[in-house]
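Here is a guided reading of one structure, taken a region at a time. Keep the sequence and the 3D view at hand while reading.

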Amino acid sequence: MSGLKKLLFFGLILLVSTGILWQFDSVKDAVAPIRVDHVGLVHVPENRLRFRVDVTTNRDCDAYLKYWSKKSSDTLYSTISKGTHTHALWITNTKGKTDYTFQVVVSTASQKALSKKYPLETKSIYQATPYFTLEHLDSSFAEEIKGKYFLTQILTEPGSAVIIDYKGEIVWYEPFRKGVKVSHWTPEKTVMCIVGPEKIPSSGGDEIVELDLSGKVLTHLQTGKGDMDKMVHHEVRTDKDGNIYALTFDKKVFDLTSVGGAKQDTVKGDGIVIFSRKGKKIWEWTMLDYLDPLSDPHIMRNKKDWVHANSLFREEDGNFLISFRDLNQVWKVDYKTGDVLWKLGEKGDFTLAEDELFSAQHYAHINARGELMTLDNGVKKGITRALSFKLNVSGKKARKELDIPLARDYYSTAKGNAQLFGTDKVIYCITDPRVFLVTDFKGKILWKIQVGGDPYRLEETPGFEQEGERSF
């Protein structure tokens, strides 16, 4: 082999060897340690509590932000951008009129580096957000609720979805031109909303919108487009398969001549619909196939909004709990057949004592203890309470487990919810006096937020904040 050929051969070997070695982070770290080359803070015009930080690094790596306010010792974190040299990172948990410091953290499998520290000053919020005032926090409860965050919404126009901390400080919001009729914190840490103008009655909306915390629209379904052929109302949630389910308005023609109506008279009721995240309709059901309007002596008065469903919950078995305000009942609906498996409540399938009957209830669901739990608005007795039952379905027996009446000052005729907070407390949205509460099982108020707006529901947002040092 000539000298030139040997030189080319060994050069090729060296090039291949270098390429192979360059696949290892340890080699890259030794030759070109990772560093942050550029940091740019971008103010988002439509939102004063959300900021984008554009980061460039000298080579591909993972990156995230950590940030903190001068008034707090807590460190907050962004999500992680993985395996690139250009990163768009988001600061999504801040308060208005507050000074922050943020820092970029970059890493590979074997190396970690920090940028310098940068200042960030937030401004006052001017969009459609309400005020929240912490009026009471029991000293025995302060440590337990510290660090918790909650999602709520404003129904009126313009509306908003809002996340507050335990002090009632707004830390995230998304304004809408329309009202936000209900919102839900999904397992994917996104915010799902029903959005609609005030002229749509019964907490109804013509859009389903899902956002991530950066404000990016992930899902947008609109009435009249694609498979969404009916407006939705009162409820939008995701199931274990990642699909979206909601209550819908429905209608059907009946012969109501025997009660003074027309031969072809329209009765408006409620249905259930399931959509994929891409908007494909997977399944639907209507209560108008399972209840005879002639069974209601007041059907001519009620036919424009018959029985008024106001909450929907999909159980682990795939079947649904649907709450009907005007029937004072909760039904269980079989997903496979559409059959009504049972009815709980007034004139239902379970024997209930007088003090176990509920009226105008909201937010029927299965709680963490396996009980059917609801907010009993209590319009028949003038007392609002949290109520739960352990059900023996085969024997059609219901055993009351929780019965937590609130003081008459918190009586609420409509809307709202009650659910477990931890293992031994209950969190409420009470919408007539417009307060958020936490009580113990005896009804003692441990936390109270006064709301300067019109909410429908309150939910905890697990995972909104991640505390502690990150590791890769």
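Predicted model: local features only at pLDDT ≥ 70, side-chain atom pairs only at ≥ 80, totals over all residues.

**An open sheet and its edges**

Four strands form an open sheet in the order 10-9-8-32, and their pairing is antiparallel. The edges are taken by strand 10 (170-176) and strand 32 (459-460); each has a single partner strand, so one side of each is left without a neighbour in the sheet.

To find the two strands in the view, look for Gly159, whose bridge partner in strand 10 is Phe176.

Strand 16 (residues 232-238) is another place to look. Seven of its seven residues are buried, so this strand is largely enclosed by the rest of the structure. A residue counts as buried when its relative accessible area is under 20%.

Which strands pair with strand 16? One is strand 13 (residues 204-205), which runs antiparallel to strand 16 and is joined to it by two bridges. Here Gly205 has Val232 of strand 16 as its bridge partner. Another is strand 17 (residues 244-254), also antiparallel to strand 16, with five bridges between them. In this second pairing, Arg237 stands opposite Tyr245 of strand 17. Strand 16 and strand 17 make a hairpin with five residues between the strands, and in that hairpin Gly242 has a positive phi near 85°.

Is Trp331 buried or exposed? Its relative accessibility is 0%, so Trp331 counts as buried. Leaving aside residues up to four places away in sequence, Trp331 touches a set of residues that includes Trp285, Met287, Tyr290, Leu291, Phe320, Phe324 and Trp342. Lys343 is also among the residues that Trp331 touches. The side chain of Trp331 makes a polar contact as well, at 2.8 Å, with the side chain of Gln329. Gly348 is 17 residues from Trp331 along the chain, and the C-alpha atoms of the two are separated by 8.9 Å.

Val259, Leu294 and Met300 make a nonpolar surface patch of about 210 Å². Of these residues, Leu294 is found in the loop that lies between strand 19 (281-286) and helix 4 (299-302). Leu294 has a relative accessibility of 40%, so it counts as partly exposed, whereas Trp331 is buried at 0%.

Key:
Residues numbered from 1 in each chain as written. Heavy atoms only, no water. Buried < 20%, exposed > 50% of the residue type's maximum accessible area, 1.4 Å probe, protein only. Contact = heavy atoms within 4.5 Å. Polar contact = N/O pair within 3.5 Å; in protein donor to acceptor, adjacent residues only side chain to side chain. Patch = residues over 30% accessible without salt bridge, like charges linked within 9 Å, V, L, I, M, F, W, Y side chains within 5 Å. Areas by Shrake-Rupley, 256 points an atom, 1.4 Å probe, with all protein chains shown as cover. Salt bridge = Lys/Arg side-chain N within 4 Å of Asp/Glu carboxyl O. Pairing = 2+ DSSP bridges.
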